[in-house]
Amino acid sequence: MADIVPAPPAIEIRPLLPGDDATAFRTLNEEWITRHFTLEAKDIETLGDPENSILRKGGYIFMVYADGKPVGCVALMPMSSGVYELSKMAISPHLRGQGIGRRLLEHAIAQVRLIGAKSLFLGSNTKLSNAVHLYESVGFRHVPPETLPPMHYTRANVFMEMTL
């Protein structure tokens with residue numbers, strides 16, 4: 001008899017708005033960063049005040065909720081005319097591998113297309129092979145780091161871009 005795989009939880013993706021509680025955004029990101037790396041100055045700045053470091057600069061944060069609880073997030077940070085950085089993507093450890101990250105990533109790409117962005121880029125790390133594979137599977141392509149805006153994270157050793 002085959003193993004029964006549980007259905008992924010019903011999720012809702014909503015934008016984090018100025019004034020919303022951003023604690024889950026910080027907590028979700030601190031979990032994966034500290035598990036694999038060390039929090040860097042840019043992490044502390046961004047996660048400590050996402051309203052001013054992302055939202056008030058024209059960026060977006062999308063939160064994923066399962067059963068009303070925050071279980072994932074991603075940020076879109078404007079860099080230059082029509083260019084956004086995909087950053088701070090996290091899914092709760094107990095829900096990874098259920099397609100939630102893919103749904104969140106596809107939602108973020110659809111949203112950035114709606115606002116007329118030209119391209120998305122990201123920095124990741126080879127330790128995060130599942131994330132890198134996910135990015136590749138939705139159309140991100142590996143590029144030399146010097147072709148992208150400067151990265152603020154020493155952990156970044158994978159550089160990817162998607163033309164929209």
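**Ground rules.** I number residues from 1 along each chain as its sequence is written, and side-chain values use heavy atoms, with hydrogens and water left out. Since the model is predicted, I note that local features need pLDDT of at least 70 and that side-chain atom pairs count only at pLDDT 80 or more, while totals for chains, interfaces and linings use all residues.

**Sheet order.** I looked up the strands first, taking helices (H or I, at least four residues) and strands (E, at least two) as DSSP runs numbered from the N terminus, and counting two strands as paired if DSSP finds at least two bridges between them. Seven strands form an open sheet of mixed pairing, in the order β1-β2-β3-β4-β5-β7-β6. The edges are held by β1 (11-15) and β6, each with a single partner strand, so one side of each is left without a neighbour in the sheet.

Two of the partners I noted are Ile11 with Ala66 in β2 and Glu12 with Tyr65 in β2. On its other pairing, β2 meets β3 in the antiparallel sense over seven bridges, and there Met63 stands opposite Cys73 in β3. I recorded β2 as mostly covered, with six of its seven residues buried, where buried means under 20% relative accessible area, exposed over 50% and partly exposed in between, with a 1.4 Å probe and protein chains only.

**Positive phi.** Which residue in the turn between β2 and β3 has a positive phi? The two strands form a hairpin with two residues between them, and the residue is Asp67, at about 55 degrees. I placed Asp67 in the loop between β2 and β3 (69-80), and at 68% relative accessibility Asp67 counts as exposed. Lys88 also has a positive phi, near 55 degrees, and is a residue other than glycine. Lys88, however, sits in strand β4 and is buried, with a relative accessible area of 4%. I marked both angles because most residues other than glycine have a negative phi.

Between them the chain passes from β4 through α4 to β5 in a right-handed β-α-β crossover (with the strands pointing away from the viewer, the path from the first strand over the helix to the second runs clockwise). Towards β7, β5 makes six bridges in the antiparallel sense, and Gly123 stands opposite Phe159 in β7. Five of the six residues of β5 are buried, so I describe β5 as largely enclosed by the rest of the structure.

**A loop residue.** Is Glu146 buried or exposed? At 63% relative accessibility, Glu146 counts as exposed, and I found it in the loop between β6 (141-142) and β7 (158-163).

**Aromatic pairs.** I counted three aromatic pairs, using rings of Phe, Tyr and Trp (its six-membered ring) with centres within 6.5 Å, and calling planes under 30 degrees apart stacked, over 60 edge-to-face and the rest tilted. The ring centres of Trp32 and Phe37 are 6.3 Å apart and their planes stand at 90 degrees, so this pair is edge-to-face. Trp32 counts as buried at 13% relative accessibility, and Phe37 counts as buried at 15%. Tyr135 and Phe140 form another edge-to-face pair, 5.8 Å centre to centre with 70 degrees between the planes, and both of these residues are buried.

**Largest pocket.** I took a pocket as an open set of points on a 1 Å grid over the protein atoms alone, where a 1.4 Å probe fits, with protein on both sides within 12 Å along at least five of seven lines, and lining residues as those with an atom within 4 Å of a point. The largest pocket has a volume of about 840 Å³, the volume being the space filled by probe spheres set on the points, which are joined across faces, edges and corners. Its lining has 33 residues, of which Met89, Leu128, Asn130, Ala131 and Tyr135 lie nearest the centre. The elements giving two or more residues to this lining are α1 (23-36), β4 (83-91), α4 (100-114), β5 (119-124) and α5 (129-137), and the largest share, seven residues, comes from β4.
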